[in-house]
Each structure stands twice: as structure tokens, then as C-alpha cells.
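Please open the structure in your viewer and keep the sequence panel beside it. The stops below say what to select next and what is there.

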Amino acid sequence: MTQNALKPLASASLIPAASDVGMLRRFLWNFTDTYVVMRRNLVQLFRQPQLLVFATIQPVMFLLLFTYVFGGAIRFATGGDYISFLLPGVIIQTIIFASTNTTVGLSVDLSKGMIDRFRSLPMSRAAVLAGRTTADTVRGTVTITIMMIAGFVIGFRFEDWGTGLLGILLAIAFGHAFTWIGATIGLYVKDPEAAQVAGFIWMFPLTFASSIFVPTQTMPDWLRAFAENQPVSVVANAVRDLMTGTINPDDISIALIWIVGIIAVFMPLAVWQYAKVSSR
């Protein structure tokens, strides 16, 4: 084969296949739609700053009350520095409680007819949900930042900034996974007031029957078995280790498995329900 014959083949090999162009275009389309919806939800938040203020006050109150009311007794029982134990746990509680915003927000959009309007537009089905969950994750991240400032004021310190920041990122990823649970609940519940109750009620057993506030060793055996193996405790322990300078590969791996598993189950379920649901 001559050199001239090879040139067209070489040029043709640089042209992307039609399927690759289609996939790239679809990815950009989904990304743009998600960004627009996320921006819309964040703009709503900034227009109602009192929501962010009250969402920040509650976890800071938890942090201060548990540190100064229960901290002395728990420090006496465990012999440890309670703020180093408590702050990572309250961060987990705060970031998963942010998923209730997703539940209520989607339910409100349904009641006002916004979901029908979104569905009538030539946009990705997943974008409305991904934009909402991403915006609520950003909101939770802002709250965590304020909590970290409060924690530093009352004595918390990272043992290592690198592992500490990794712990924060792991907590944010876990919170994002929970927003998909919140999105699924919000699409199933018919009323915003009922959605608020439904978004909170199932979280209380997970947060209080866990290692967020106290070591699980103090619990009865039947409760301890549940508390040590449920996702909130697993992720809280991994985040606590990272924020206090310890890397436990097994705990981190199990935490990541929980995060990926929750998203893998509830993201398709939420998208499927979004395709079916209509405004009430």
C-alpha cells in the first residue's frame, strides 16, 4: 500500500464516531440542564436567607448543647475528648437532615405544578432531580462549614488537615446519597406537610441509634448490633477517624459501598417515579 493511500485512513481515524458525538452531546445536555435547575434552587435559597439561618442554628445548637450539657458525663465515662468524638457525628447528622429539604422542595414543586412544567420542556428527566439534590448538597456544605468554624471555636482541631478534609468530603458524599432518598420520598408523598413529616421520621432511629452522639458500646446488645452495622454509624466512624488523623481502609471501603449502593438504588427509583408522577 502506498503512502498516499495511508493518509485518508489516518485522517478518518481522527474523526469521532457518530455514537461518541451523540453520547458527548447528551452528557453536555444533561449537565447544562442540571446546572440550570441547581441554580434555580440556589437562587430561591438566597432569596429566603432565613431558611439557611435556621438550618444552621439547629446543628450548632446540637453541637453546643451536647458538648457542654452531656460532654462532661460522656468524657468521664469514656476518658476521651468529647468534642473530637461529637463534631464528626453532628456533621453526619446535619448533612443527612439536609435531605428533608429535597423531600419538601419536590413536594412543593409538585403541588404548585412546577413538575408538570419541567416535564413539558425538552430537558433531561434526571436534571430536575439532580439539580435539586445538588443544590441541597451545596446548602448542606455551607452549613457544615459554619459548624466547623463553631467547632474550632470550642476546641476541635484536625490531627491532619489532609485526612480531615477527606473526612468532610466523605460526609458530603453521604449526604448527597441521602438526598436521593429524600427525592424519592418527596415524589411519593402527596402533600408538603406530610412530606416534612415523612422526610424526618425515618431519620431519628438512624441518627440516635448510631455512633453519632455516644459510643455504641454503651448500648444494649440487641440495639448495639443494629447501631454498629447501619450506614449512619459506618460513615460516622469513617469520618471521625479521618478527621482525627486515622485512616482505616476497611471502614472507608464499607462507607463508600453504602454511598454507592444508596445512590444506585434510589436514583433510578426517583427518576422512574418522576416520569410517572403528576402535579396534585
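Begin by selecting Leu 87, which is buried, its relative accessible area being 0% (buried means under 20% relative accessible area, exposed over 50% and partly exposed in between, with a 1.4 Å probe and protein chains only). What you are looking at is a predicted model, in which local features need pLDDT of at least 70 and side-chain atom pairs count only at pLDDT 80 or more, while totals for chains, interfaces and linings use all residues. Residues are numbered from 1 along each chain as its sequence is written, and side-chain values use heavy atoms, with hydrogens and water left out.

Leu 87 is found in helix H4 (helices are DSSP runs of H or I with at least four residues, strands are runs of E with at least two, and both are numbered from the N terminus). If you now display its surroundings, leaving aside neighbours within four places in sequence, Leu 87 is in contact with Leu 63, Met 147, Met 148, Gly 151 and Phe 156 (contact means heavy atoms within 4.5 Å). Phe 62 lies 25 residues from Leu 87 in sequence, and the two C-alpha atoms are 9.7 Å apart in space.

Next, select Ser 84, which is also found in H4. Ser 84 counts as buried because its relative accessibility is 18%. Apart from neighbours within four places in sequence, Ser 84 is in contact with Phe 156, Arg 240 and Thr 244.

Move along H4 to Thr 94, in the helix made of residues 82–97. Thr 94 is buried, with 9% relative accessible area, and a polar atom of its side chain lies 2.8 Å from the backbone oxygen of Val 90. A polar contact is a pair of N or O atoms within 3.5 Å; within protein, one must be able to donate a hydrogen and the other to accept it, and residues adjacent in sequence count only if both atoms are side-chain atoms. Not counting residues up to four places away in sequence, Thr 94 touches Pro 59, Thr 143 and Met 147.

Now select the whole of H4. How many of its 16 residues are buried? The helix is mostly covered, with 16 of 16 residues buried. Its 16 residues should span 22 Å at 1.5 Å a residue, and its end C-alpha atoms are 22 Å apart, which agrees (the expected span is 1.5 Å times one less than the number of residues).

H4 and H7 pack at an angle of about 160 degrees, with their axes 10 Å apart (axes are lines fitted to C-alpha atoms, for helices over the stretch in contact, and angles run from 0 to 180 degrees between N-to-C directions). The two helices are therefore roughly antiparallel to each other (over 145 degrees; under 35 counts as roughly parallel, 65 to 115 as roughly perpendicular and the rest as oblique). From H4, Leu 87, Val 90, Ile 91, Thr 94 and Ile 95 meet a set of H7 residues that includes Gly 140, Thr 143, Met 147 and Gly 151.

The axes of H7 and H13 come within 9 Å and cross at roughly 120 degrees. That makes H7 oblique to H13. The contact is made by Arg 125, Ala 126, Val 128 and Leu 129 of H7 and by Ala 270, Val 271, Tyr 274 and Ala 275 of H13.

Thr 207 is buried, with a relative accessible area of 0%, and its side chain reaches the backbone oxygen of Phe 204 at 3.3 Å. Not counting residues up to four places away in sequence, Thr 207 touches Gln 93, Ile 96, Phe 97, Ile 212 and Phe 213.

Finally, show the whole chain, whose secondary structure comes to 13 helices and zero strands. Buried residues make up 44% of its 280 residues, and among contacts with a separation of 6 or more, 81% are between residues 24 or more positions apart.
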